[in-house]
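Please examine the sequence and the three-dimensional structure shown below. The paragraphs that follow lead through some of its features.

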Amino acid sequence: EVMEDHIHIFLKASVKDSVHRIVSQLKGYTSIKLREEFPELKSRLPCMWTRSYYAGSVGHVSEATVKKYIENQKNV
């Protein structure tokens with residue numbers, strides 16, 4: 001879900017996958033694609049994303065609960 005100042009991404013990954021690597025790949029790929037689609041971003045923004053991120057695990061709640069939470073963030 002895309003918010004005004006952040007995004008929510010709900011994904012499944014192997015325990016072998018590094019959270020930092022997943023986030024870095026997502027940020028790198030989206031930066032390239034956004035700059036291809038919006039060339040003006042190349043000169044206006046030296047860096048597309050900050051290095052910060054938040055990651056949490058949700059093994060204790062259902063997938064439906066997480067999806068509902070993300071969907072409800074649009075209304076907050």
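A polar contact is a pair of N or O atoms within 3.5 Å, one of which must be able to donate a hydrogen and the other to accept it. The model discussed here is a predicted one. At the start of helix α1, a side-chain oxygen of Ser18 comes to within 3.3 Å of the backbone nitrogen of His20.

Helix α1 itself covers residues 19-37, 19 residues in total. From its first C-alpha to its last it reaches 27 Å, which is close to the 27 Å expected at 1.5 Å a residue. Ile22, Val23, Lys27, Ser31 and Arg35 are the buried residues of α1. An α-helix has 3.6 residues a turn, so residues three or four places apart point the same way. The buried residues of α1 pack against α2, which comprises residues 40-44.

Leu26 also lies in helix α1. Because its relative accessibility is 35%, Leu26 counts as partly exposed. Together with Val2, Ile7, Ile9 and Leu11, Leu26 makes a nonpolar surface patch of about 460 Å².

The segment before α1 also contains His8. Is His8 buried or exposed? His8 is buried, because its relative accessible area is 18% and buried means under 20%. The side chain of His8 makes a polar contact, at 3.3 Å, with the side chain of His6. Apart from neighbours within four places in sequence, His8 is in contact with Glu1, Met3, Tyr69, Ile70 and Gln73.

How values were computed:
Residues numbered from 1 in each chain as written. Predicted model: local features only at pLDDT ≥ 70, side-chain atom pairs only at ≥ 80, totals over all residues. Heavy atoms only, no water. Helix = DSSP H or I, 4+ residues; strand = E, 2+ residues; numbered from the N terminus. Expected span 1.5 Å × (residues − 1). Buried < 20%, exposed > 50% of the residue type's maximum accessible area, 1.4 Å probe, protein only. Contact = heavy atoms within 4.5 Å. Patch = residues over 30% accessible without salt bridge, like charges linked within 9 Å, V, L, I, M, F, W, Y side chains within 5 Å. Areas by Shrake-Rupley, 256 points an atom, 1.4 Å probe, with all protein chains shown as cover. Salt bridge = Lys/Arg side-chain N within 4 Å of Asp/Glu carboxyl O.
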